[in-house]
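User: I'm new to this one and would like a close look at a single part. Could you walk me through how the strands are arranged, and then show me what sits around the ligand?

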Amino acid sequence: MTLRFGVPNKGRLNEKTIELLVKAGIELGDDIGRKLYIKASNQDVEIMFVRAQDIPEFIERGAIDVGITGLDQVAESGYDLVDVLDLQFGFCRLSVAVPEGSSIRDVKDIKDGSRIATSFPKITKKYFDSLGKNVSVIVVSGAAEIMPYLGVSDYIVDLVSTGSTLKMNRLVEIGTIVESQAAIISSKAALETNKAEIDEIASSIYSVLRAENKKYLMANVPKSVLDKVEEIIPGLEGPTVIPLAGNSGFAAVHAVIDATEVYRVISELKKIGAKGILTMPIERQVD
Ligand code: AMP
């Protein structure tokens, strides 16, 4: 059966999601951005382009089997969905923020009857209920940050990543309701019927994520100092050492290293006389 996969059609998660799918080997052709759904040419997967915030609802209703959206949207939906894989992008948090001039600096001090503007009404209500506070939630579809300035609300609940938008609007963050990132989401029912297909896509995407943080390194190292290479490039299996044609006194060393280690490893390899050092991106890492 064709797997129906929901992907954000615009917004912050759109570009990176499509990049991940393409890198994971799902061929989407040239019509991305124009079509509302695309059948992958090389797999039994149909990609549906829908709003990130609708994806939990569509999964719950069985209209799609799996999708990529923010965990904040899953929390807001209130549905008991399954987080198949966290995707390490779209990091943000749903936070309570107050105007700079307000004396409130702790959510516990927010008074009953306060007006809170948000596009996350369900989770906001649940959060303040759990604190025993009876606030008035004002639903907006965006630009919550401007609402205190307009006098529409006293405070806001909105997504924050760097905090610069809050700062620009003279707001101060005083509490976090939920931490979020993009994730592959499904439901128990869809996983029962399509477990193998969903696992396969999730593991392809996982292999791309793993590879993104790694580099493939090659260097020619004097044979006399090969023992030092293991100290410079520690790892479970150690680097691969390959003899070079001719008796050059050098051997080729190949290894997969963390991208964050590239600078240190290159400078230490140079110190022990390594030559012809190359680093390359890795497309996928599969165990
Ligand atoms: P949007 O781009 O408004 O359609 O938001 C889609 C999703 O992107 C949200 O549900 C969040 O998971 C994520 N997101 C929204 N705002 C931010 C932000 N400021 N930083 C990082 N991710 C965000």
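Analyst: Let's start with an open sheet of four strands, ordered β13-β14-β12-β15 and paired in the antiparallel sense. Its edge strands are β13 (240–243) and β15 (275–281), each pairing on one side only. From one strand to the next, the twist averages 20°. This is a predicted model, where local features need pLDDT of at least 70, side-chain atom pairs count only at pLDDT 80 or more, and totals for chains, interfaces and linings use all residues. Residues are numbered from 1 along each chain as its sequence is written, and side-chain values use heavy atoms, with hydrogens and water left out.

A few words on terms. Strands (E, at least two residues) are DSSP runs, numbered from the N terminus, and two of them pair if DSSP finds at least two bridges between them. Strands of a sheet pair through backbone hydrogen bonds, either parallel or antiparallel.

Inside this sheet, β12 (residues 214–222) and β14 (residues 250–258) run antiparallel and are joined by nine bridges. If you want a spot to look at, find Lys-215, which stands opposite Ile-257 in β14.

There's also an open sheet of five strands, with mixed pairing and the order β8-β7-β9-β6-β10. Here β8 (136–139) and β10 (171–180) are the edge strands, each pairing on one side only, and the twist averages 30° from one strand to the next. Strand β7 (residues 115–118) pairs with β8 in the parallel sense over four bridges, with Arg-115 opposite Ser-136 in β8.

Now for the ligand. Among the residues around it are Gly-11, Arg-12, Asp-72, Phe-91, Ser-161 and Ser-180 (a residue counts if one of its heavy atoms lies within 4 Å). A backbone N or O atom of Arg-12 lies 2.8 Å from a ligand oxygen, while an N or O atom in the side chain of Asp-72 is 2.6 Å from an oxygen atom of the ligand. For Ser-161, a polar side-chain atom lies 3.0 Å from a ligand nitrogen. On its own the ligand has 480 Å² of accessible area, and the protein covers 77% of that (areas come from the Shrake-Rupley method with a 1.4 Å probe).

Note on methods. Axes fitted to C-alpha atoms, helices over the stretch in contact; angles between N-to-C directions. Polar contact = N/O pair within 3.5 Å; in protein donor to acceptor, adjacent residues only side chain to side chain.
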